[in-house]
Amino acid sequence: MPEFAAFTAMFGFKATLWGFAILFSIGTLGFLAVWFMLEAQLQEKEESLLTKESAISQLQENSTAKVQELEHRLTEKEDLTGLLEQRTAEITNLRSESQTRVGMLEAQLQEKEESLLTKESAISQLQENFTAKVQELEHRLTEKEEQMFLPRNKWREL
């Protein structure tokens with residue numbers, strides 16, 4: 001029965017009828033062989049567990065680093081999106097301002113063109129008036145000259 005107590009103490013559970021029957025059927029040497037085999041299996045399982053825990057820990061670290069990197073990239077993209085929206089608003093405002101300025105400049109240009117047309121028309125009218133006046137004066141001058149020279153020519157004939 002000491003094997004049973006050792007078995008129970010070693011594995012931390014109460015032996016069932018089945019376990020009790022195995023202990024008595026294999027004997028003390030068989031028990032030790034089974035015990036060493038179970039020790040070896042336990043050692044393998046503990047090593048496998050440590051390896052798996054290490055792998056899980058490494059995966060957790062990698063996952064944490066990846067999540068942090070993705071969060072950082074997301075924050076950068078959100079910042080860039082905010083900056084893009086700000087720039088888009090600025091561009092919209094600049095377009096609006098430039099369209100307003102273009103409209104004002106077009107109105108000023110239209111006024112200047114109308115003023116220029118009015119002045120060109122006035123200049124053209126003045127030119128016509130001056131030309132007519134010059135022609136009239138030339139005509140009068142010619143008549144006066146003819147009147148002045150006609151009496152001389154008549155005197156000569158006489």
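A salt bridge, for this talk, is a side-chain nitrogen of Lys or Arg within 4 Å of a carboxyl oxygen of Asp or Glu. What I am showing is a predicted model, and the structure holds three salt bridges.

I'll start with Arg 87 and Glu 90. Their side chains meet in a salt bridge, with N to O at 3.2 Å. Both sit in helix 2, three residues apart, so about one helical turn separates them. Arg 87 is partly exposed at 41% relative accessibility, and Glu 90 is partly exposed as well, at 34%.

Next, Glu 69 and Arg 73. The closest N and O atoms of this salt bridge are 3.8 Å apart. These residues are four apart in helix 2, which means a separation of about one helical turn. Glu 69 has a relative accessible area of 37% and is partly exposed; Arg 73 has 39% and is also partly exposed.

Then Glu 136 and Arg 140, whose side chains form a salt bridge at 4.0 Å, N to O. Here too the spacing is four residues within helix 2, so about one helical turn lies between them. Glu 136, at 40%, is partly exposed, and so is Arg 140, at 46%.

Which residues form the negative surface patch? They are Glu 39, Glu 44, Glu 46 and Glu 47. Glu 47 belongs to helix 2, which covers residues 17-157. With 44% relative accessibility, Glu 47 counts as partly exposed. Patch residues need over 30% relative accessible area and no salt bridge, so Glu 47, at 44%, clears that area cut-off.

Conventions
Residues numbered from 1 in each chain as written. Predicted model: local features only at pLDDT ≥ 70, side-chain atom pairs only at ≥ 80, totals over all residues. Heavy atoms only, no water. Patch = residues over 30% accessible without salt bridge, like charges linked within 9 Å, V, L, I, M, F, W, Y side chains within 5 Å. Areas by Shrake-Rupley, 256 points an atom, 1.4 Å probe, with all protein chains shown as cover. Lys, Arg positive; Asp, Glu negative; His and termini not counted. Charge placed at Lys NZ, Arg CZ, Asp CG, Glu CD. Helix = DSSP H or I, 4+ residues; strand = E, 2+ residues; numbered from the N terminus. Buried < 20%, exposed > 50% of the residue type's maximum accessible area, 1.4 Å probe, protein only.
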